[in-house]
Amino acid sequence: MKTLHELEFDNSYARLPAIFYSRHAPTPLAQSHLVHFNAAAARLIDLDPEQASHPDFVDTLTGRRPLPGSDPLAMCYAGHQFGHYVPRLGDGRALLLGEVRNGAGEKWDLHLKGSGETLYSRGGDGRSVLRSAIREYLCSEAMHGLGIPTTRALCITGSTEDVYREQIETGAMLLRLAPSHVRFGSFEYFYYEQRFDELRILADYVLAQHFGHLRESGNPYLALLREVIASTARLVAGWQAVGFAHGVMNSDNMSIHGITLDYGPFGFLDRYQADFVCNHSDHRSRYAFNRQPDIALFNLSCLAQALLPLIDSQPEAAAELAKAELAEFEALFTDDYAARMRARLGLQQKLPGDQVLCDELLSLMEDNGVDYSLLFRSLSEPQPSAARALFADPRACDAWMQRYQARLQAENVPAAERSRRMKQVNPKYILRNHLAETAIRKAADDGDYSEIDRLMTLLQQPFDEHPGMDSFAAPPPDWARHIQVSCSS
Ligand code: AMP
Ligand code: MG
């Protein structure tokens, strides 16, 4: 276990040509203090969790004191936002402090969000607020607990500095960890600038750093596209199965590692609603829950487009090759999603009719205002018929329940064993909006961070019972039904 000063940095991105980034130091916030620290994330970089109580810890991670070995920079990227290409985005309020190598040889970006203006701020204040830092912190840990690939978060620091959003809030910083912060939009930037030499440098860098196993393949750039298509299909299948809506699936928020990146106005389904929109500024419902697989494919097409000059020097040949890879997405997604839903239903065998059984359940749930997570947890009991009570009209599910019981017979697994297995894939605790909201209110109004702590414990082990904590598994209370998550973060 290391101190902050002993971390081993290897800042490979900072060694790329200057056009890839802009160097900046973080701009500290007034009266920075630690809001929460994630010991599980600290272990990823071999950082001793005791470091969090060191008097210099906050100052070192928020720019008031130097962090030895770091080389802070804002990464340059572009991207398709709500379907429209924006030629230059970049880290407008975040910095890559550096890349830390752990004892196992893995590299982790230390990425500080809310660290002040950069060359890419485009008139924004370069800041993040405590509310959105808490949401990202809790949700990335929740996703990890659910087994869905994601960035992680090491800590949140708060401040007394006012930051203006829809109302006055306080500035905060979030220290995020990820294998890298290269996005689909990183490639798009060089492609649309027609800087194909730099495009190749980026692709070669990514291959060398993260996809070494693809370098010997006949066409490494096509192989890279294939791998990102597959990991993104798995990622979105995970989102759909667990009921997670990302909210801002712009191509600059899509990681080449197939991990969940950039938590803004995200939402988990409470009641099942296929076309749920969590982002209230998304007036055309572009990022509705049930559109996420299509949007993922759209974003992958943007990535493919950007890689065309590398895939083949003949544009038509390159396009044919890329198209053939993109055509795989639907089957990759569908198979993975179906497997996850079979597991959620306790079905180990794959029989014809399973998908219909699942789709029928979803449509019954939608018609009857049934809570998505509670329903699957309830079906996981040795007596699945307990789930009836969750339906507005319990008789509505009787015919389905009979078919389900008959289907379970075919599995021939004892009820207790089925229940045990199902509870390992059907979480009891998810990050419902109202839970995040309560933690935010306590933190922002009273400086009380205990609710963050409580939620972290539950969300890190969401499949466990946690006796006495049942109220945290419940659907939103009436006061919370109409919370609108602010999309300004
Ligand atoms: P996001 O919606 O957080 O993915 O951000 C999209 C783009 O806007 C990125 O380039 C961000 O760096 C930039 N951005 C978002 N909020 C701010 C802000 N408060 N100040 C400067 N840039 C921002
Ligand atoms: Mg973003």
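1. Leaving aside neighbours within four places in sequence, Val-228 is in contact with Phe-184, Ile-256, Leu-300 and Leu-303, where contact means heavy atoms within 4.5 Å. Val-228 sits in helix H6, which covers residues 220-242; helices (H or I, at least four residues) and strands (E, at least two) are DSSP runs numbered from the N terminus. At 2% relative accessibility, Val-228 counts as buried, a word that here means under 20% relative accessible area, with exposed meaning over 50% and partly exposed in between (1.4 Å probe, protein chains only). The C-alpha atom of Val-228 is separated by 34 Å from that of Gly-63, a residue 165 places away along the chain.

2. A word on the basis of these remarks: this is a predicted model, in which local features need pLDDT of at least 70 and side-chain atom pairs count only at pLDDT 80 or more, while totals for chains, interfaces and linings use all residues. Residues are numbered from 1 along each chain as its sequence is written, chains are lettered from A and ligands numbered from 1 in the order in which they are written, and side-chain values use heavy atoms, with hydrogens and water left out.

3. The protein chain is divided into domain 1 (4-181), domain 2 (185-337) and domain 3 (347-422), with bounds that come from an automatic or database domain assignment. The C-alpha centres of domain 1 and domain 2 lie 23 Å apart, and 36 residues of domain 1 are in contact with 40 residues of domain 2. Between these two domains an area of about 3,200 Å² is buried, and carbon and sulfur atoms give 66% of it; buried area is the accessible area (1.4 Å probe) that two parts lose on being put together, summed over both. Ile-19, His-80 and Phe-82 supply 21% of the area that domain 1 buries against domain 2, more than any other three residues.

4. The polar side of this interface also deserves a look. Between domain 1 and domain 2 the count is two salt bridges, a salt bridge being a side-chain nitrogen of Lys or Arg within 4 Å of a carboxyl oxygen of Asp or Glu. Across the interface, 16 residue pairs are in polar contact, both residues being at pLDDT 80 or more; a polar contact is a pair of N or O atoms within 3.5 Å, where within protein one must be able to donate a hydrogen and the other to accept it, and residues adjacent in sequence count only if both atoms are side-chain atoms.

5. On the side of domain 1 that touches domain 2, strand E4 (79-81), strand E7 (107-113), helix H3 (130-145) and strand E10 (168-178) each supply at least two residues. The largest share of that side, five residues, comes from H3.

6. Phe-82 is found in the loop between E4 and strand E5 (84-86), and is partly exposed, with a relative accessible area of 31%. Phe-82 has a positive phi of about 45° although it is not a glycine.

7. The structure holds 33 salt bridges. One of them joins Lys-113 and Glu-136, whose closest N and O atoms are 2.8 Å apart. Lys-113 lies in strand E7 and Glu-136 in helix H3, so the pair ties together parts that are 23 residues apart in sequence. Lys-113 counts as buried at 9% relative accessibility, and Glu-136 counts as buried at 2%.

8. Asp-336 and Arg-340 meet through their side chains in a salt bridge (2.8 Å, N to O). Both lie in helix H9 (residues 329-344), four residues apart, about one turn of the helix. Asp-336 counts as buried at 17% relative accessibility, whereas Arg-340 is partly exposed at 28%.

9. The side chains of Lys-423 and Glu-381 also meet in a salt bridge (3.2 Å, N to O). Salt bridges that share partners join Arg-377, Glu-381, Lys-423, Lys-428, Glu-465 and Asp-470 into one network.

10. Lastly, His-434 lies in helix H14 (residues 433-446) and is buried, with a relative accessible area of 7%. Not counting residues up to four places away in sequence, His-434 touches Ala-474, Pro-475, Pro-476, Pro-477, Trp-479, Ala-480 and Ile-483.
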